[in-house]
Amino acid sequence: MTSLVVTGATGRMGRELLAAAADRELTVAGATSRTAETVAGVSTAAPEALGRLAREAPSPTVVVDFTAPQATTGYAETVAEAGAAFLTGTTGLSESDHASLARAGERVPVLWASNFSRGVAALRRAVTAAVDTLPGYDVEVTETHHDGKRDAPSGTAETLVETVEDARPDLSKRVHGRDGVAPRSETEIGVHARRAGDVAGEHEVLLAGDDNVVELTHRAGSRRVFAAGALDAAAWLAGRDPGVYGFEDVLDADDPAAENGGGVA
Ligand code: NAD
């Protein structure tokens, strides 16, 4: 049975993961947090204990991390040293943070995704289809999150913009909000971030042409969807070969068409 060690256990996602893990065939072997607490019946240890927890947990072990970039990069190295798998959903990572994950991925299996909701995976596929079908349309991406979110735009909005750019390489200019005299150019993708209340996460991709508007929207009803996807991905990641994987790899494994080379990259 896969054993989990959860970092940032007192955070919004840490709590959700520990609550969700209790309903799964997974052993929670430990959890870390900056303040000692008991979350979903698990006593948390200090972050410095992560290497020991990852080494001592029954194999195969996956460390599941939803914290902050400055924590995630160090944790990736610690977990690679301990020989466990590392799954992270932390967003706001820089290129050098991704390079740290890639270095860890040379030694152990690593999986990063900006969004662990299957609904958002479906949204990405729908966006690719819509952009392909509607050449020349203006595209704008808008996200809404709770007032405690630190990074903007969200990692998921960044991923959606990359999805649009892959299908429409002529859209090469990201415009983050508009202020003052700011006429739209043909090469723009507008990106807008709203912060309000306790919204778990909403993403909308708007495609507009003359007399024709398509809006593709995903709304997460709660963080449970991210926790469920992350735990599915953790079970898939346990015991894999070293490498850096994404949530699409997990979904492709569920998709019989992908086994015949029909998956979405
Ligand atoms: P949160 O602020 O509620 O929790 C963050 C946790 O990380 C806290 O326990 C905090 O103490 C800990 N932490 C922060 N900085 C740390 C440091 N330097 N060292 C050690 N611990 C540290 O945040 P959250 O809403 O749980 O989100 C956490 C991350 O996960 C964010 O980057 C968020 O964008 C991302 N997220 C991703 C997904 C996804 O599906 N990929 C879904 C939700 C949230």
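This is a predicted model: local features need pLDDT of at least 70, side-chain atom pairs count only at pLDDT 80 or more; totals for chains, interfaces and linings use all residues.
Which helices each supply at least two residues of the shell around the ligand? They are H1 and H3.

## The ligand and its shell

The ligand is surrounded by 22 residues, and the closest of these are Arg12, Met13, Thr91, Phe116 and Lys149. H3 makes the largest contribution to this shell, with three residues. Sorted by class, the shell holds eight nonpolar, ten polar and four charged residues.

An oxygen atom of the ligand lies 2.8 Å from a backbone N or O atom of Arg12. A polar backbone atom of Gly89 is 3.2 Å from a nitrogen atom of the ligand. At Phe116, a polar backbone atom is 2.9 Å from an oxygen atom of the ligand. The ligand taken alone exposes 860 Å², and 81% of that is buried by the protein.

## The largest pocket

Where does the ligand sit? The ligand is placed in the largest pocket, which has a volume of about 1,100 Å³. This pocket is lined by 37 residues, and those closest to its centre are Arg12, Met13, Phe66, Thr67 and Ala68. Arg12 and Met13 are also among the residues closest to the ligand.

Helix H1 (12–21), helix H3 (69–82) and helix H6 (155–167) are the elements that give two or more residues to the lining of the largest pocket. H3 provides the largest share, four residues. The lining comprises eleven nonpolar, 20 polar and six charged residues.

## The second largest pocket

The second largest pocket contains about 650 Å³ of space. It has 31 lining residues, with Trp112, Ser114, Arg124, Thr159 and Glu162 nearest its centre. Two or more residues of this lining come from each of helix H5 (118–133), H6 and helix H8 (247–254).

Which element gives the largest share of the lining of the second largest pocket? That element is H6, with seven residues. H6 also gives two or more residues to the lining of the largest pocket. By class, the lining of the second largest pocket consists of twelve nonpolar, eleven polar and eight charged residues.

## Backbone geometry

Most peptide bonds are trans, and most residues other than glycine have a negative phi. The following places depart from that pattern.

Ser59 and Pro60 are joined by a cis peptide bond, with omega about -5 degrees. Pro60 belongs to the loop between helix H2 (50–56) and strand E5 (61–65). Another cis peptide bond runs from Ala152 to Pro153, where omega is near -5 degrees. Pro153 lies in the loop between strand E8 (138–145) and H6.

Ala40 has a positive phi of about 50 degrees, although this residue is not a glycine. Ala40 is found in the loop between strand E3 (38–39) and strand E4 (42–43).

Notes
Residues are numbered from 1 along each chain as its sequence is written. Side-chain values use heavy atoms; hydrogens and water are left out. On a 1 Å grid over the protein atoms alone, a cavity is a set of points where a 1.4 Å probe fits but cannot get out, and a pocket is an open set with protein on both sides within 12 Å along at least five of seven lines; lining residues have an atom within 4 Å of a point. Grid points are joined across faces, edges and corners, and a volume is the space filled by probe spheres set on the points. Ala, Val, Leu, Ile, Met, Phe, Trp, Tyr, Cys and Pro count as nonpolar, Asp, Glu, Lys and Arg as charged, and the others, Gly among them, as polar. A residue is near a molecule or strand if one of its heavy atoms lies within 4 Å of it. A polar contact is a pair of N or O atoms within 3.5 Å; within protein, one must be able to donate a hydrogen and the other to accept it, and residues adjacent in sequence count only if both atoms are side-chain atoms. Accessible areas come from the Shrake-Rupley method with a 1.4 Å probe; for residues, only the protein chains shown count as cover. A molecule sits in a cavity or pocket if more than half of its atoms lie within 2 Å of its grid points.
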